[in-house]
Amino acid sequence: QVQLVESGGGLVQAGGSLRLSCVASGSIFRINDMGWFRQAPGKQRELVAWISSNGVTNYAISVKGRFTASRDNAKNTAYLQMNSLEPEDTAVYYCHGDISSSSYGSNRYWGQGTQVTVSS
C-alpha cells in the first residue's frame with residue numbers, strides 16, 4: 001500500500017507565496033509521474049501542474065509563470081511552489097502519483113488534500 005501526504009497549505013494574502021509538499025510512503029518501487037490538482041467549492045477538480053519521472057513539467061494556463069512543480073526522487077517527495085497567489089487560487093490542493101510497487105505495472109494514488117486560502 002502507498003500513501004501520499006500533503007502539507008504546506010494555509011491562509012495567505014493575495015500576492016503571497018506558499019510551498020506545498022507531497023511525501024509518498026509505503027510499498028514503493030518507482031514513482032512515475034506526479035501531479036497537483038485543486039478543487040474549489042462548487043467546481044470540478046482540475047489539473048494544476050504535472051511533473052514526469054525525469055522532471056518534465058506541464059502547467060495549467062491559469063498558473064503558468066506563477067507556480068513551479070519539482071520533485072526530489074531520493075526523498076519520494078514532490079513540491080509545488082506557488083507565487084503571486086490570487087484569490088482565485090483558493091481551493092483544496094491534492095497530490096496525485098502514478099506509483100509502481102514492483103517492476104510490473106503501477107497504480108494511481110491521491111493524497112488527502114491541503115487547503116489553500118488566498119485573501120484579497
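## Threonine 77

Let us begin with threonine 77, which lies in strand E8, spanning residues 77–82. Strands (E, at least two residues) are DSSP runs, numbered from the N terminus. Threonine 77 counts as buried because its relative accessibility is 8%; buried means under 20% relative accessible area, exposed over 50%, and partly exposed in between, with a 1.4 Å probe and protein chains only.

A polar atom of the threonine 77 side chain lies 2.8 Å from the backbone oxygen of lysine 75. Neighbours within four places in sequence left aside, threonine 77 is in contact (heavy atoms within 4.5 Å) with Cys22, Val23, Arg71 and Asp72.

## About the model

This is a predicted model, in which local features need pLDDT of at least 70 and side-chain atom pairs count only at pLDDT 80 or more, while totals for chains, interfaces and linings use all residues. Residues are numbered from 1 along each chain as its sequence is written, and side-chain values use heavy atoms, with hydrogens and water left out.

## Asparagine 83

Next comes asparagine 83, in the loop between E8 and strand E9 (91–100). With 28% relative accessibility, asparagine 83 counts as partly exposed. Its side chain makes a polar contact of 2.9 Å with the side chain of glutamine 81. A polar contact is a pair of N or O atoms within 3.5 Å; within protein, one must be able to donate a hydrogen and the other to accept it, and residues adjacent in sequence count only if both atoms are side-chain atoms.

Leaving aside neighbours within four places in sequence, asparagine 83 is in contact with Gly16, Ser17, Arg66 and Phe67.

## Aromatic rings

How many aromatic pairs does the structure hold? There are three. Rings of Phe, Tyr and Trp (its six-membered ring) pair if their centres lie within 6.5 Å; planes under 30 degrees apart count as stacked, over 60 as edge-to-face and the rest as tilted. Phenylalanine 37 and tryptophan 50 form an edge-to-face pair, 6.3 Å centre to centre with 90° between the planes. Phenylalanine 37 lies in strand E4 (residues 30–39) and tryptophan 50 in strand E5 (residues 46–51), so the pair ties together parts 13 residues apart in sequence.

Phenylalanine 37 also forms an edge-to-face pair with tryptophan 110, at 4.9 Å centre to centre and 65° between the planes. This pair links distant parts of the chain, 73 residues apart, with tryptophan 110 in strand E10 (residues 107–110). Phe37, Trp50, Tyr94 and Trp110 form one aromatic cluster.

How values were computed. Helices (H or I, at least four residues) and strands (E, at least two) are DSSP runs, numbered from the N terminus.
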